[in-house]
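The sequence and structure are shown first.

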Amino acid sequence: MLGIPTHLAPRVNAWSTVRAFHAAAIGSLVAAAIVLLLVRLSVPGSHVLPAVLALVPMLAMVGVHVQFGTWRSAVAFLVVGGACAWWFTLVVQQEIAVPWVVSYLLSLVVVPLVLVGGAGAVPERVVLWSVGGFAVGRLATLAATAQSGRPANVLVLAWVTLAFVVAIVLVAGRTTARAQRVQPELLRSAREEHVSAYRAGVEAEAAAILHDTVLNHLGAIALAPDGPMDAQLAKTVESDVAMLTGREWLAPTTDTDDGAAVEAFERILEDSRADGLDVLVTGDPASIGRLQPDAVTALVRAVGQCLANVHKHADTDSAEVSVFDDGTACTVMVVDDGRGFDEQQTGSDRMGLRNSVRERIGRVGGDVQVWSSPGTGTSVMMSVPYGTRTGSVATTGGSATGERLRTAS
């Protein structure tokens with residue numbers, strides 16, 4: 001019952017229990033038919049086929065009651081089942097002389113009357129229907145036994161089944177009541193966990209965007225020559241300040257098509273070229289447009305940060321961006337022939353690769369691999385799985401990424 005809404009738990013519990021009882025009732029009737037057929041094969045002269053035919057209307061009425069599940073269908077089943085049990089008992093008492101076999105067969109025909117109860121989610125009602133079904137079946141078998149002149153049989157299996165039904169219904173009722181008491185705490189804990197996970201994701205993305213904007217701008221300003229600020233840098237700073245002071249980076253953009261996602265990717269490449277980096281693009285950039293909106297945003301921002309790292313740290317003026325589509329994921333590689341680095345030696349205060357690339361791609365279910373060593377250049381491979389497109393690029397912002405995505409949409 002845990003995880004099911006409180007107001008639905010009793011009904012779901014009763015429904016599943018009754019469905020299990022219906023399946024067991026069908027199994028009991030099938031077992032009775034199999035035993036009779038085995039008797040027919042072992043004793044060729046016995047005429048037990050009429051008893052097998054008596055089970056057919058009961059099977060049909062089980063199907064009717066399963067289909068409708070009303071008190072009328074339950075009453076109809078008990079009436080038809082009682083008549084069939086009476087007919088069945090007459091044939092069995094006349095054709096089979098072994099008492100324990102007779103007792104077993106009569107129990108098998110009474111058990112469905114116990115298991116196929118009425119409709120409703122009230123445990124007491126299910127118990128009453130089961131007791132009533134047992135009474136109908138027992139009266140029918142006693143009447144047929146008296147009519148045949150044979151001694152009455154103790155239906156051990158039927159009694160055990162009735163006790164089992166009563167016990168399981170009462171235990172299920174107590175379990176449901178206990179689940180109803182626990183359910184609010186469970187839902188509250190799940191809600192708090194969801195809120196905490198969402199808050200952690202927002203904080204991580206905020207830290208990454210802060211790195212992509214403020215820290216990158218401060219580094220660019222520190223490296224710039226004396227004099228007026230470069231016009232492109234000034235425009236980028238102004239755009240990102242407007243984005244940071246607002247909440248656009250938290251809100252989803254309007255619907256975009258695949259072309260807008262590709263355009264956002266191309267704009268971030270153009271911004272890197274405007275910063276003086278020669279960027280060569282190979283592969284199929286259109287595959288980026290097949291990603292989910294939040295994955296497009298994460299991948300575009302991560303590629304932008306990789307190119308920013310090349311521009312600031314690689315001591316090279318060129319990089320290659322390759323886009324691949326393997327049918328299940330979009331993979332982007334950013335490769336440069338610069339100075340390279342040892343990632344294990346990177347200080348904990350360096351957040352570019354960790355926050356803005358690895359964790360950002362990880363939040364959308366992707367994977368990042370880095371190959372680099374001093375003097376051999378760097379290759380960063382980012383793979384993001386495809387999914388059903390349900391909207392657009394999820395958020396905006398990040399080292400002029402906000403401006404690029406807003407323009408693309």
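## Basis of the description

Helices (H or I, at least four residues) and strands (E, at least two) are DSSP runs, numbered from the N terminus. This is a predicted model, in which local features need pLDDT of at least 70, side-chain atom pairs count only at pLDDT 80 or more, and totals for chains, interfaces and linings use all residues. Residues are numbered from 1 along each chain as its sequence is written, and side-chain values use heavy atoms, with hydrogens and water left out.

## Helix α2

L59 lies in helix α2, which covers residues 49-68. The 20 residues of α2 reach 30 Å from first to last C-alpha, close to the 28 Å expected at 1.5 Å a residue (1.5 Å times one less than the number of residues).

Buried means under 20% relative accessible area, exposed over 50%, and partly exposed in between (1.4 Å probe, protein chains only). The buried residues of α2 are A51, V52, A54, L55, M58, M61, V62 and H65. Seen down the axis of α2, these buried residues fall within an arc of 170°, so they line one face of the helix; the arc is that of the directions from the helix axis to the C-beta atoms. The face turned away from the buried side of α2 carries the exposed residues L53, Q67 and F68. At 34% relative accessibility, L59 counts as partly exposed. G69, with a positive phi near 65°, follows α2.

## L106 in helix α4

L106 belongs to helix α4 (residues 99-115) and counts as buried because its relative accessibility is 1%. Leaving aside neighbours within four places in sequence, L106 is in contact (heavy atoms within 4.5 Å) with F88, T89, Q93, N153 and L155.
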